[in-house]
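Student: I have just opened a new structure and would like to learn how to read it. Could you walk me through a few features?
Tutor: Gladly, let's take them one at a time.

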Amino acid sequence: MFRTRRLRKTENVRRLVRENKLSVDDFIYPLFIEEGQGIEKEIPSMPGIKRYSLDTISKELDELVELNIPAVLLFGIPANKDEVGTETWNDNGIMQQAIRFIKKNYPSLYVITDVCFCEYTSHGHCGVLCDHDVDNDATLLNLAKQVISHAKAGVDMVAPSGMMDGTIAMIRESLDAAGYPNLPIMGYSVKYASAFYGPFRDAADSAPSFGDRRTYQMDPANRDEAQREATFDDEEGADILMVKPALSYLDIIRDLKNNFDRPIACYNVSGEYAMVKAAAEKGWIDGERVMMESLLSMKRAGADIIITYFAKEAAKVLSKK
Ligand SMILES: [Zn+2]
C-alpha cells in the first residue's frame, strides 16, 4: 500500500514537503483616508479597521513600516461629492494629498491608488450617469484625468476598479502620453457584483443611492466570462490582473494563474474579513487559524499578491514563526 501518511508524521517532514507558504511580501494593506481633521473612526462591521484623516494616520503608517508590509492601497473619502466626482482629478484632493504625504514621510512604502468614482459621486455609482446607468465612454474620459492627477502627485501604481470597458487601454495611453510610461497598472480585471462588499460601503461611504452595480460588475455565476475580462485587460496592457472577491472565487484565481503570464492579485474583501471577525468574536472559530488558512488558500489557488485587511495581523503571526 502506498502510505501518504509517511510524509505527514512530524512537523519537520511536513515542512520539507509543504507546497505553499505565506509571506509578508504577499500583502497589500487597504487604507481609508478621509478629508478633514482629527478623524479616527472605527468601522463597526470591520473590527480593527479605521478611517483616518492625514493628521492622525501616522501611527498606522509607522506600524505598517515596522511590520515590513510592502504596499498600501488607498481609498479616499472626500469632503464634497458631486454628480461626476470632479474631486477625483483635483490636484489638491484627498487622494493626491495622501499620496504626497505618504511618499514624503514613508518613502519605503509602495503606494497604490484605487481609481474609481463611487466614493466621490453623490449617487455612489462608479462613473458618469446617463439614463440611470453609468455611461462607459464618458467615464473613461474622467478616468484619464484622475490617473494623471494621481501620477503627478507621485503614486507608484494605479488600480482602476470601476469595470468600465476599455479602462486599461485608456489609462495606459493617457499615462504614456503624459510622460508616465513606467507607471504600472493593476487591473481589477475580474470583479464580481458581490454581496461580500457590504462592510466596505460603510467604510468608504460608497453605497449606490439607487439600483446596484450589476450593469458593470460581473455576474457571480460566470466563469468563462472571467477569461474574457482578463484577456481584455491583458491585451490592453495591465501589468497585474486582479480577482475580487477572493474566497468564493478561488477557481477564478486558479484559471487566471494557469492562463495568463502576469502576476495575479486577489482582493480578500470586507465581507470575508467581517465573517471571520464576527465568528471569532463569538468564540465559534479560532480567528487566527481561520485567517491564516483563508489567506493560504488564496496563495494555493494562485494569487501572487493578496490585498487584505488582515495584513497587519497576518504579518505578526508570520514574524512569530
Ligand atoms: Zn467604484
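Tutor: Let's begin with a pair of helices in this predicted model. Where H4 and H5 cross, the crossing is right-handed.

Student: Which residues of H4 and H5 make that contact?

Tutor: On the H4 side, they are Leu140, Leu141, Leu143, Ala144, Val147, Ile148 and Ala151. H5 brings Thr167, Met170, Ile171, Ser174 and Leu175. Sorted by class, the contact of H4 with H5 has 10 nonpolar residues, 2 polar ones and no charged ones.

Student: How do I describe the angle between H4 and H5?

Tutor: Look at the two axes. Helix H4 covers residues 136-153 and helix H5 covers residues 167-177. Their axes come within 9 Å and cross at roughly 45°.

Student: Threonine 167 was among the contact residues of H5. Is threonine 167 buried or exposed?

Tutor: The general idea is a cut-off: buried means under 20% relative accessible area. Threonine 167, which lies in helix H5, has a relative accessibility of 9%, so it counts as buried. Setting aside neighbours within four places in sequence, threonine 167 is in contact with Leu140, Leu143, Pro160 and Glu236. Leu140 and Leu143 are also on the H4 side of the helix contact.

Student: Now for annotations. Where does UniProt place the feature "binding site"?

Tutor: The UniProt record, an unreviewed entry, places that feature at Glu229. In the model, glutamate 229 sits in helix H7, residues 224-236. Its relative accessible area is 14%, so glutamate 229 is buried.

Student: What does glutamate 229 contact, beyond its neighbours within four places in sequence?

Tutor: Glutamate 229 is in contact with Met163, Ser189, Val190 and Met218.

Student: Could we try a strand as well? What can you tell me about asparagine 268?

Tutor: Asparagine 268 belongs to strand S11, residues 264-268. With a relative accessibility of 2%, asparagine 268 counts as buried. Not counting residues up to four places away in sequence, asparagine 268 touches Ala246, Leu295, Met298, Ile306, Ile307, Thr308, Tyr309 and Phe310.

How values were computed: Residues are numbered from 1 along each chain as its sequence is written. This is a predicted model: local features need pLDDT of at least 70, side-chain atom pairs count only at pLDDT 80 or more; totals for chains, interfaces and linings use all residues. Side-chain values use heavy atoms; hydrogens and water are left out. UniProt positions are given in the numbering used here, feature names are shortened, and annotations may be inferred rather than shown by experiment. Helices (H or I, at least four residues) and strands (E, at least two) are DSSP runs, numbered from the N terminus. Buried means under 20% relative accessible area, exposed over 50%, partly exposed in between (1.4 Å probe, protein chains only). Contact means heavy atoms within 4.5 Å. Axes are lines fitted to C-alpha atoms, for helices over the stretch in contact, and angles run from 0 to 180 degrees between N-to-C directions. A crossing is left-handed if the near helix is turned anticlockwise from the far one by less than a right angle, and right-handed if clockwise. Ala, Val, Leu, Ile, Met, Phe, Trp, Tyr, Cys and Pro count as nonpolar, Asp, Glu, Lys and Arg as charged, and the others, Gly among them, as polar.
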